[in-house]
Number of protein chains: 2
Amino acid sequence: MDKFRVLEIKKSVFENNDREADKLREELKKEKTFLLNLMSSPGSGKTTTLKATIAALKDEMRIGVMEADIDSDVDAHTIAETGAKVIQLHTGGMCHLDAGMTKQGLEGLGTENIDFAILENVGNLVCPAEFDTGAVKNAMILSVPEGHDKPLKYPLMFSICDVLLVNKIDVMPYFDFDLEACKLYVTKLNPNIKIIPISARTGEGIDEWANWIREQVKQWNS
Amino acid sequence: MDKFRVLEIKKSVFENNDREADKLREELKKEKTFLLNLMSSPGSGKTTTLKATIAALKDEMRIGVMEADIDSDVDAHTIAETGAKVIQLHTGGMCHLDAGMTKQGLEGLGTENIDFAILENVGNLVCPAEFDTGAVKNAMILSVPEGHDKPLKYPLMFSICDVLLVNKIDVMPYFDFDLEACKLYVTKLNPNIKIIPISARTGEGIDEWANWIREQVKQWNS
C-alpha cells in the first residue's frame with residue numbers, strides 16, 4: 001500500500017478568495033493547527049528543506065505536509081520517508097493554490113492531530129504570491145544559484161512573505177551571490193521580513209529556522 | 001539617454017490565442033525574422049546565456065532581444081551592454097506572454113532589420129508553457145542546481161520545447177544532478193527535443209547552441 005494519498009484538486013468555486021482564506025484561518029485557529037505556506041522557484045530546495053525541518057521538529061510536534069505539484073509524486077515519496085503525515089496534491093496544470101484548494105488539501109490530509117501543517121506550493125515565484133491560501137504565515141526560499149537580483153524581478157513574492165530562507169549557502173563560493181545586496185533589496189520591499197541563510201543539505205541555519213517555527217506555533221496556540 | 005525603451009505590455013484582447021500566434025508567425029516569415037521564445041525558472045541563467053549567444057552570433061546576424069519581466073530593467077541593462085537591440089517589456093504582474101503581448105513587444109522592438117529576435121519570457125516553468133507566443137521555436141533552460149527531476153514536475157514545459165539547454169554544467173561536481181536521468185525523463189515526454197549541455201559562464205557548449213540557431217535561422221529564411 002502507498003504511504004500517502006494522491007488528491008486531484010478541483011478548481012475553487014468561491015468568488016471571494018480573501019474571505020475564504022480568513023475563514024480557513026479561523027478553522028485552523030480552533031483546531032490549533034498552524035499552517036505554513038512554503039513557496040519558491042522550481043528547484044530551490046523546498047523538499048530538502050522540509051526534510052531537514054521535519055527531522056528537527058518531529059519529536060516535539062505532529063507535522064503534516066501537503067505536496068502540491070502539477071504532476072508527479074516525487075516529493076510526497078521523499079517526505080513519506082521522514083515518517084511525517086503527507087498527501088500529494090495535483091493541481092491539474094494550475095500554477096498556484098488558493099484558499100479553496102488549500103482547504104481541499106487540508107481535508108484530505110486531516111488536521112485533527114496536526115500541530116504544524118505545511119503547504120509546499122507549486123514551484124513558481126509569480127502566481128502563488130497573488131493568492132491568500134489561508135495559511136497563518138508565508139515562507140519562501142531563494143537559493144544561492146538563482147542570484148541575488150530576484151527580489152527586483154519578483155517583488156510581490158518577497159513582499160508578502162513573513163520569512164525568507166536563503167538556501168544552498170554551502171555552494172556560495174561557486175556563485176556570484178551577494179547576500180548583503182539581497183538583504184537590502186528584500187528589506188526595501190518588506191522591512192519586517194525575517195531572513196535566515198540556510199543549507200538544507202548541510203544543516204547550517206536549520207536551528208534558527210526551527211526556532212522561528214517553534215515561536216510561531218506557540219503564538220498561534222496561545 | 002537610456003539605451004533601451006521600457007514598454008508596459010497590455011493584456012491581450014484576442015479570444016483565440018493560437019490563431020493570433022499563427023498570424024504572427026506569418027508576419028515574421030514575410031519579414032525574414034526568426035523569433036525564439038526562451039523560457040526557464042527564475043535564476044536558471046537566461047540572461048547570461050543570451051549574452052554568450054549574442055557574443056557568438058552578432059557578427060553574422062542582426063539580433064534583437066525582448067526582455068519580459070514583471071518588474072525591473074536589470075536584464076535589459078545587461079543585454080544593452082552587448083550592443084544588441086533590446087527592449088524591456090513589463091507584464092504588469094502577468095505570469096506569461098501570449099501572442100498578442102509578444103506582438104506588442106515586437107512592434108516596440110522593431111523587426112524590420114532583425115534576423116534573429118529573442119523573447120526572454122517571464123521566469124516561470126508553468127504558465128508560459130500554456131501560451132503560444134507566435135515564436136518559430138521554443139527553447140528552455142534547466143540549470144544543474146534545479147535538479148534532474150524537474151521534467152517530472154513540469155511536464156508541459158518540457159513537452160512543448162524544441163531545444164533544452166542544460167545550463168551551469170560547470171558546477172555539476174557540487175550538485176547531485178544526473179544528466180542521463182534528466183535526458184531520459186525529457187525524451188520520454190518529448191522524443192524529438194534537442195538537448196545541449198552548456199555553461200553560459202565558461203562558454204562550454206555555446207558553439208553547439210550557436211550552430212543550432214544558425215541552422216534554424218537558415219531554414220526559416222529558405
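Let me start with helices H2 and H8 of chain B, which are roughly perpendicular to each other. Bear in mind that this is a predicted model. H2(B) covers residues 46-57 and H8(B) covers residues 206-221. They pack at an angle of about 70°, and their axes are 10 Å apart. Angles of 65 to 115 degrees count as roughly perpendicular, so that is the label this pair receives. As for handedness, H2(B) passes H8(B) in a right-handed crossing.

Which residues meet there? On the H2(B) side they are B:Thr49, B:Ala52, B:Thr53, B:Ala56 and B:Leu57. On the H8(B) side they are B:Ile206, B:Trp209, B:Ala210, B:Ile213 and B:Arg214. By class, the residues of this contact come out as seven nonpolar, two polar and one charged.

Now to the two chains together. How are the two copies related? Chain A can be laid on chain B by a turn of 180° with a shift of 0.0 Å along the axis, and the RMSD is 0.0 Å. The copies are thus related as by a two-fold rotation axis. The same surface serves both of them, since 100% of the contact residues of chain A recur in chain B.

On to chain A, and its own H2 and H8. H2(A), residues 46-57, packs against H8(A) at an angle of about 70°, with the axes 10 Å apart. That makes H2(A) and H8(A) roughly perpendicular to each other. Their crossing is right-handed. H2(A) contributes A:Thr49, A:Ala52, A:Thr53, A:Ala56 and A:Leu57 to the contact, while H8(A) contributes A:Ile206, A:Trp209, A:Ala210, A:Ile213 and A:Arg214. Seven of the residues in this contact are nonpolar, two are polar and one is charged.

Next, the aromatic rings. How many aromatic pairs are there over all chains? The count is six. Take A:Trp209 and A:Trp212: their ring centres are 5.6 Å apart and their planes stand at 15°, so the pair is stacked. Planes under 30 degrees apart count as stacked. Both residues are in H8(A), residues 206-221, and because they are three residues apart they are separated by about one helical turn.

The last item is another helix pair in chain A. H1(A), residues 17-31, and H4(A), residues 99-109, pack at an angle of about 30°, and their axes are 8 Å apart. Are these two roughly parallel or roughly perpendicular? An angle under 35 degrees counts as roughly parallel, and H1(A) and H4(A) are therefore roughly parallel to each other. From H1(A), the residues are A:Asn17, A:Glu20, A:Ala21, A:Leu24, A:Glu27 and A:Leu28. They meet A:Ala99, A:Gly100, A:Thr102, A:Lys103 and A:Leu106 in H4(A). This contact divides into five nonpolar, three polar and three charged residues.

Definitions and conventions. Residues numbered from 1 in each chain as written. Chains lettered and ligands numbered in written order. Predicted model: local features only at pLDDT ≥ 70, side-chain atom pairs only at ≥ 80, totals over all residues. Heavy atoms only, no water. Axes fitted to C-alpha atoms, helices over the stretch in contact; angles between N-to-C directions. Helix = DSSP H or I, 4+ residues; strand = E, 2+ residues; numbered from the N terminus. Parallel < 35°, antiparallel > 145°, perpendicular 65-115°, else oblique. Left-handed = near helix turned anticlockwise from the far one by under 90°. Contact = heavy atoms within 4.5 Å. Nonpolar A, V, L, I, M, F, W, Y, C, P; charged D, E, K, R; others polar. Least-squares fit on C-alpha atoms with pLDDT ≥ 70 in both. Phe/Tyr/Trp six-rings, centres within 6.5 Å; stacked < 30°, edge-to-face > 60°.
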